[in-house]
Amino acid sequence: MQVSAASLRMAVLLVAAVSAACAVVRNPALDRARDVYDKARQDPAIVRNAGVALDKAGQTLEAAESLWKTEHDVAEVEHLAYITEKRVEIARVTAQRRLAADEIQQSRTPRP
């Protein structure tokens, strides 16, 4: 039985495609945390008024991503993803609180 070069190429491509598909295992909790964090980073009010809280969220997200790449520990990655989302929410609320405090301060300042 003789195998044509085209058939051999198709078999190699099929094996490569299956291998690539198997290599990428996504974690929905991590994807959601990454999306929440990325949206917060695009909000200038959060970046300006709650940078420290946002940095903590980013550090937690980095830890979750690193753990997912090295160990695929679903429970721990989901836990870190949850903490990331909560830290982003803390950053959002902190920014809102600081903006409100600034508005109050400006309204109390006498105008010339």
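Analyst: Thr94 is buried, with a relative accessible area of 15%; buried means under 20%, exposed over 50% and partly exposed in between, for a 1.4 Å probe and protein chains only. The model is predicted, so local features need pLDDT of at least 70 and side-chain atom pairs count only at pLDDT 80 or more, while totals for chains, interfaces and linings use all residues. Residues are numbered from 1 along each chain as its sequence is written, and side-chain values use heavy atoms, with hydrogens and water left out.

Thr94 belongs to helix 5, where helices are DSSP runs of H or I with at least four residues, strands are E runs of at least two, and both are numbered from the N terminus. Its side chain reaches the backbone oxygen of Ile90 at 2.7 Å, a polar contact (a pair of N or O atoms within 3.5 Å; within protein, one must be able to donate a hydrogen and the other to accept it, and residues adjacent in sequence count only if both atoms are side-chain atoms). Leaving aside residues up to four places away in sequence, Thr94 touches Asn49 and Ala50, contact meaning heavy atoms within 4.5 Å.

Ala50 is also touched by Ala91, whose other partners, under the same exclusion of residues up to four places away, are Ile46, Ala53 and Leu54. Ala91, Ile46 and Leu54 are among the residues with the most contacts inside the largest nonpolar core, which has 20 residues; such a core is a set of buried Ala, Val, Leu, Ile, Met, Phe, Trp, Tyr and Cys residues joined through side-chain atoms within 4.5 Å. Helix 2, helix 4 and helix 5 each give two or more residues to this core, and its largest share, 7 residues, comes from helix 4.

Helix 4 covers residues 51-71 and reaches 30 Å from its first C-alpha to its last, close to the 30 Å expected at 1.5 Å a residue; the expected span is 1.5 Å times one less than the number of residues. Its buried residues include Ala53, Leu54, Ala57 and Leu61, and they are covered by, among others, helix 2 (28-41), helix 3 (44-49) and helix 5 (74-108). Just after helix 4, His72 takes a positive phi of about 50 degrees.

Helix 2 has buried residues that include Leu30, Asp31 and Tyr37, and helix 3, helix 4 and helix 5 are among the elements that cover them.
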